[in-house]
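I opened my notebook to record what I looked up in this model.

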Amino acid sequence: MRYFILLACLAISFPSTINAQNLQSPSDFLGYELGTQFSRNHEVIDYFKAVSAAVPSHVKLEKYGETTERRDLYVAYITSEANMAQLETIRENNLKNAGIVEGEPTATDIAIVWLSYNVHGNEASCSEAAMLTMYKLLTERKDLLENTVVIIDPSVNPDGRDRYVNWYNKVAHQPYNTDIQANEHNEPWPGGRPNHYLFDLNRDWAWATQIESETRLKVYNKWMPHIHADYHEQGPNEPYYFAPAAEPFHEIITDWQRDLQTEVGKNNAKYFDAEGWLFFTRERFDLFYPSYGDTYPTYMGAIGMTYEQAGHGISGLGILNDEGHVLTLKERLTHHTVTSLSTVEVASKNAKQLNTEFAKFFQNSNLKYKSYVVNGNEDKIDKLKSFLDKHEISYEKPNTSKVSGYNYSTAKQGSLNLDDHNLVVHTSQPKGKMIKVLFEPNAKLSDSLTYDITAWSVPYAYGLDAVATTTKVSSTKPDNNKSVSKVNDAYGYVSKWNSMDDAQFLAELLKHNIKVRFTEKPFKSNNTNFERGSLIITKGDNKHIIDFISTLNTLAQKHEQPLTEIYSGFSQSTPDIGSPDIKLINKQKIAVLTGEGTSSLSYGEVWHFFEQQLGYPITSINTDDLSATNLRKYNVLILPNGYYGSVLNESNMTKIKDWVRSGGKVIAIDGALRSFAGKDGFNLSYKSSDNSSENNNLVPYAERERQYTKQLITGAIFKTKVDHTHPMAFGYSNDYFTLKLGSSAYNLLDNGYNVAHLDDTKVYSGFAGKDALANLESTLIFGEERKGSGSFIYFVDNTLFRSFWENGKLFFVNSIFFVNNNAYEL
């Protein structure tokens, strides 16, 4: 009860305009005291619906989307009656103030604060706090609403929240057990943290690969708040964390943004100090990687902040922590409510200056690079356009055939010859600072101790040539007309192979039982040169398809996939269509390991890739069931990143080896390679390091963490050498920029195919410690090791990481359909 008394102390005397009889507290509405049970997501949303119905003059509820599991996504707008009457005008004024919408704002004295709760589903005190925060704003802190619009997203991740809450409510003791070893404090795999596809939504703000992120951005861009607070939980032995953030701060963050963070932190501290609550600031949580719920809003002009309450899924309704304190849900949600109200309070006190400084943020004349020009494959350019569209960033077509500036491919000054497939993105538009963050070749890093990856540059991620120029490039609006001509009766049809669009087309053809071939060698037919990997669809292979040409045209039009007609199996330059070098693509049956031992994030990336990107069926097999699984039903077995020590025991390893020798393919990603490296019968081996620059035993305790960074690679970009004649690399050139997430290094295969490898250790973007770099030279990135009729395929670097490294995905598709195509077909 003490905590709720504190919340009452936050109130000031103010005449009520809200009929308290119409407005129930969360406890009254739910039928239990808030904090004594976990509320399911629908109960949280039902409370928001009830409040908006009771006081529509102060609360407006808006549905902005649905999750994969069909749970509704809502935001609530909470403000005074006067502001609610002109809510749309306030929104438009804010966009005009930023220059996003043309025209002069009629007023700029309303602060817009967005509070996001429960982005991680098992950090479940957050949505409970969302309900209490709304209630307190409407009953005890109505004064703050006179000059603020508070936007509350009560549950950013409803699927994850319900996964956690439903599990906890099912297993918890009554009364709850505070022993950390109790079942209710140990979530089963995969836990409630991620969304349906097991993605971490707090790393998806910029990439927006998930439906929750993509739909939320549409609303976010309509409002562009001045403050965004993101509510989390950390381990039960941590106290409370709030801003100011830790270094490194990205260089575009303004002094005002830093200063107001500090002011918010001091205001939070005032209330925590009054109760003697512990907290910490300026540690661990930095502002660098652009896809967090604090950094993304910061780069969009807001004061972006993370709040971390002790607790997390392990804590349940109450847990005895290491300090002998029973940490309860009621305590956790109260702390979050206090900082929520404190944040709105600071916004209200600084509303006018928030608007003034917000407008200044969007003045971008001092940015070094005025234009980013990209050139390359048309499909990849289109993917980049779609990405920019999500963030409402504009782009044009350059009016020149050549540009000079910083060349991404060489990491030095140079030029780029352009063709019809090019794009220019100017930083002179309002979101110029976000453009700088996303496109900059190598972000300035003020401190190597960071919380996440340090490289993400969009041209590298999309596999595009690029130049950053210090002068604005002349440009015009791009042509978006893309048409595909229908094909006529012919011997066969050839489709290009160099992008995920081509892979999606192949998947569609196979699902329609159309037989498709691919070429392992370049050939010429109908006066057209075709590269390795080109898809060949012959009429003779598809006599079983009724109305074959009509069906093929329908699918080609659907995927906007151009087809070239060929009129004979006799090529102008070999191979001919009937050559052994032109192989039939098997309709692969694919299994993926899931469950204990696998990384839930990595499995989720594979699952999402097949269902939402490639559009091709897979079978997920729980690691507990591997020993009983008949692998002969599958052509491909994918091992996501994970720790398979107990899964790949002697019996299961023998089983997999025998299956591969008979024609199966194993695709191992990242940590899964540990199961094969250095083991009997495998050529894959670790590259051991003895290059420690200093004897760590002599390093002082206080300096050990920083010393350890010399051995780390925190998401850095390297240029690799590619054997593009190998089927795994069809569609690629001699070079590929890889995102290396860690310092694990493997020797080149002596008896196998080194499809991509590091020739040198030049870092093109991001941080890599010098000891880690010393061990990377001449190491494997992607490789294939044959065993009997089958193959083990190694992905040292995870091309599906967070689904944003677009240029690596075709390696993965090639591994499934092209590599060792002699593998048996069921």
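Before reading any crossing, I noted that an axis is a line fitted to C-alpha atoms, for helices over the stretch in contact, and that angles run from 0 to 180 degrees between N-to-C directions. I also noted that this is a predicted model.

**Entry 1**

I looked up helix α18, residues 600-614, and helix α22, residues 809-817. Their axes come within 13 Å and cross at roughly 95 degrees. Angles of 65 to 115 degrees count as roughly perpendicular. Therefore α18 and α22 are roughly perpendicular to each other.

Which residues of α18 and α22 make the contact? From α18 I listed Phe 609, Phe 610, Gln 613 and Leu 614. From α22 I listed Lys 809, Phe 812, Val 813, Ile 816 and Phe 817. I then sorted the residues of this contact by class: seven are nonpolar, one is polar and one is charged.

**Entry 2: a sheet with helices across it**

I turned to an open sheet of five strands. I read the order as β16-β15-β18-β13-β17, with antiparallel pairing. Which strands are at the edges? They are β16 (412-417) and β17 (422-426), and each pairs on one side only. From one strand to the next, the twist averages 35 degrees.

I followed one pair in detail. Strand β15, residues 402-407, pairs with β16 in the antiparallel sense over six bridges. I found Asn 407 opposite Lys 412 in β16.

Next I checked the helices. Helix α13 (residues 378-390) lies across β13 (371-375) and β17. It runs at about 25 degrees to β17. Helix α14 (residues 432-439) also lies across β13 and β17. I noted its angle to β13 as about 45 degrees.

**Entry 3: another sheet**

I looked up another open sheet of five strands, with the order β25-β20-β24-β21-β26. Its pairing is antiparallel. The edge strands are β25 (564-566) and β26 (582-584), each pairing on one side only. The twist here averages 30 degrees from one strand to the next.

How many bridges join β20 to β24? I noted four, between β20 (residues 492-495) and β24 (residues 535-538), which run antiparallel. Val 494 stands opposite Ile 536 in β24.

**Entry 4: the cavities**

Rolling a probe the size of a water molecule over the atoms shows where empty space is left. The structure holds four cavities of 30 Å³ or more.

The largest cavity has a volume of about 110 Å³. Among the residues lining it are Asp 379, Lys 380, Lys 383, Tyr 462, Tyr 732 and Glu 806. Which helix gives the largest share of this lining? It is α13, with three residues. Both α13 and α16 (500-511) supply at least two residues each. By class, I noted four nonpolar, three polar and five charged residues in the lining of the largest cavity.

The second largest cavity has a volume of about 60 Å³. Its lining includes Tyr 736, Leu 739, Asp 797, Phe 801 and Trp 805. I sorted this lining by class too: five nonpolar, three polar and one charged.

Notes. Residues numbered from 1 in each chain as written. Predicted model: local features only at pLDDT ≥ 70, side-chain atom pairs only at ≥ 80, totals over all residues. Heavy atoms only, no water. Pairing = 2+ DSSP bridges. Contact = heavy atoms within 4.5 Å. Parallel < 35°, antiparallel > 145°, perpendicular 65-115°, else oblique. Nonpolar A, V, L, I, M, F, W, Y, C, P; charged D, E, K, R; others polar. 1 Å grid on protein atoms, 1.4 Å probe; cavity = no way out; pocket = protein on both sides within 12 Å on 5 of 7 lines; lining within 4 Å. Points joined across faces, edges and corners; volume = space filled by probe spheres on them.
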